[in-house]
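Please read them alongside the sequence and the coordinates.

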Amino acid sequence: MVKLTVNGVEHDLDIDPSMPLLYALRNHLELNGAKYGCGLGQCGACTVIVGGKPVFSCLTPVSAVGARPVRTIEGLGTPEQPSALQKAFIDKQAAQCGYCIAGMVMRAQALLDERPGATEAEIREHMQPNLCRCGTHMRIISAIVDASQTLRKQRQAENQTARQAVAAIESGDQA
Amino acid sequence: MSSKKKAAWTVGAVIVIGVAAALAYARQPAIPPLAQAPAASANQSLLAQGARLAELGDCMQCHTAKDGKPYAGGEPLATPFGTIYTTNITPDVETGIGGWTQEAFARALRKGVSRDGHLLYPAFPYPHFTRMSDEDIAALYAYMMARTPVHAPAKANALSFPLNFRPLVAGWNLLFLDEGPLPQPARTQSAEWLRGRYLVEGAGHCASCHTPMNALGAEKSSQPYAGGLIDGWNVPPLNALTLARKPWTVDQITAYLRTGIASEHSAAAGPMLPVAHHLANAPESDVRAIATYLMSLQPPVPAQPAAPAPAAAAESQPLSPGAALFNASCAGCHSAAAPMRSLGDRPALELGSTLNADSPRNAIQMVLNGNPWTGSSAAHYMPPFANVLTDQQIADVLAYARSTYAQRPAWNDLPAAVAAIRKENSK
């Protein structure tokens, strides 16, 4: 049995330990967001987040995942409530055929989780491994830049609220 | 005077004379600068010869920073003594070598002296460039002066005391700089061999990486081409090429140096990859001459031990963790049946130099970092596995590949080695 924690849910799967994570996600868990592109780690269509890092799920053995949490695009937002990054992709109409988009979003998400407010240069370098055959890279990059700025402002606002809460508590202590 | 005292006086005198000589050498005159860079030569064959030498010497690799302008310098070189930043060798008068006469350029290549008279650090391989002919230096000068000037001031080196005191290099030069052209060979050699020796020992400066360094950062003359360690990668020895699983040949070396891949050995990776990129632009005759000279440095071919019979596959055994990981992560390209194996003359894993090496270092580096895209050619591409596999998993998969494909004795302490190299890389 192989244990996988995907989008916060634990699964026990009776599968071959040498199965690539992508197959387990698509065929056994019916999470079909991640796509099979090349199967060789060259295109990035299968990108998901494992233990906080973006990986090619087509080359990631299920037996290598262990306790590391797996995040797929299904774990971000919903059609009604898309995540900030998904909303930016929609606003910029970054998808043409859409095949690469789940991988693009997940690779970008891994960067923005770590560094909300990442610059365009950082984003371009980080996104290098993922390819789009329709050629919508310019829109994809601009969507990620937008989301990066949105998330930076959100983070600042949260920090501000937290500081105010702390200040309120401290002034309460003094009173 | 006792003999002990005499010896002490002699040693003292030698040191005094040495220091005096070093100080004299340390004060080199400045060569007056040109007011403006010389006009680019119109002599196309001279420029082409200069371009060829720049590729053979791989000048661009060190003299261009990541994402920097060509030849504008600023690339950090990690040495055991601290970090040295390479200099701007574009023809910018103020920050590059635009004000340098050909005489100043030749002096830098041959003696390691900058135009203004200060001594260059031997991270710049002038002990090799000193072998270059007048004509080649003239051609290289013409080529460099025809590059696009870039205004890029030199970055300050971060060297530890006392090595940040440049005149000390004079002492180093007295000990290790053997100025001038190569001596006549001991016995008659072919023109191809002579050309190869001139390129390998001169402009190509192969020994800068492939010969181990002594405590003063000079090549150990007692161990020529015995290999070394550069940027976290083992540099393979060049004096044991016939001891490889399949002995190297002139054809294989030529293919490796010009395409970055040898069908019976491996793909160029790490610091060697850019060398192959540049040699791809050099004439095949030059690269073949290099290969011919290198093959002449080899010990005689030993009788090949019979290849061990492949272990009979134990069908009913459950997959080892390493085998399971290999099947998912590696087999797509590296299994015998994989299309990626049969395209482009890619070497079989069992012949791979990294998997057959005594040290697991380069195999670990390959799995952690992969091998980057090289333009539109995917011949050498390998994805990185640093984020996919843990240290223990990389150790498992390498142990499996080592025993299954290379069939060599197991590497010791693999998990610790993977952890150590991963930590080095993160610095």
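1. A residue is called buried here if 20 or more other C-beta atoms lie within 10 Å of its own, exposed if 12 or fewer do, and partly exposed in between, with the C-beta atoms placed from the backbone. By that criterion 37% of the 427 residues of chain B count as buried, and for the 175 residues of chain A the figure is 39%.

2. On provenance, this is a predicted model, in which local features need pLDDT of at least 70 and side-chain atom pairs count only at pLDDT 80 or more, while totals for chains, interfaces and linings use all residues. Residues are numbered from 1 along each chain as its sequence is written, and chains are lettered from A and ligands numbered from 1 in the order in which they are written.

3. Secondary structure is taken from DSSP runs numbered from the N terminus, with helices being H or I of at least four residues and strands E of at least two. Chain A has six helices and five strands, arranged along its sequence as β-β-α-β-β-α-β-α-α-α-α, and its C-alpha atoms fill a box of roughly 65 × 40 × 30 Å along the principal axes. Chain B has 19 helices and five strands.

4. Contacts are defined by C-beta atoms, placed from the backbone, that lie within 7 Å. Among contacts between residues at least 6 apart in sequence, those joining residues at least 24 apart make up 64% in chain B and 60% in chain A.

5. The domain assignment, which is automatic or drawn from a database, divides chain B into domain 1 (3-176), domain 2 (191-295) and domain 3 (321-426). The C-alpha centres of domain 1 and domain 3 of chain B are 39 Å apart.

6. At the interface, 17 residues of chain B are in contact with 16 residues of chain A. On the chain B side, the elements giving two or more residues are α13 (321-329) and α14 (331-334), and α13(B) gives the most, with six. That side has 12 nonpolar, five polar and no charged residues, where Ala, Val, Leu, Ile, Met, Phe, Trp, Tyr, Cys and Pro count as nonpolar, Asp, Glu, Lys and Arg as charged, and the others, Gly among them, as polar.

7. Which residues of helix α4 (102-111) of chain B are buried? They are B:Ala104, B:Phe105, B:Arg107, B:Ala108 and B:Leu109, and their cover includes α5 (126-129) and α6 (134-145) of chain B. The residue that follows α4(B) is B:Gly112, with a positive phi near 70°.

8. The axes of α4(B) and α6(B) come within 10 Å and cross at roughly 115°, where axes are lines fitted to C-alpha atoms over the stretch in contact and angles run from 0 to 180 degrees between N-to-C directions. The contact is made by B:Gln102, B:Phe105, B:Ala106 and B:Leu109 of α4(B) with B:Ile137, B:Ala138 and B:Tyr141 of α6(B), a set of six nonpolar, one polar and no charged residues.

Definitions and conventions:
Contact = placed C-beta atoms within 7 Å.
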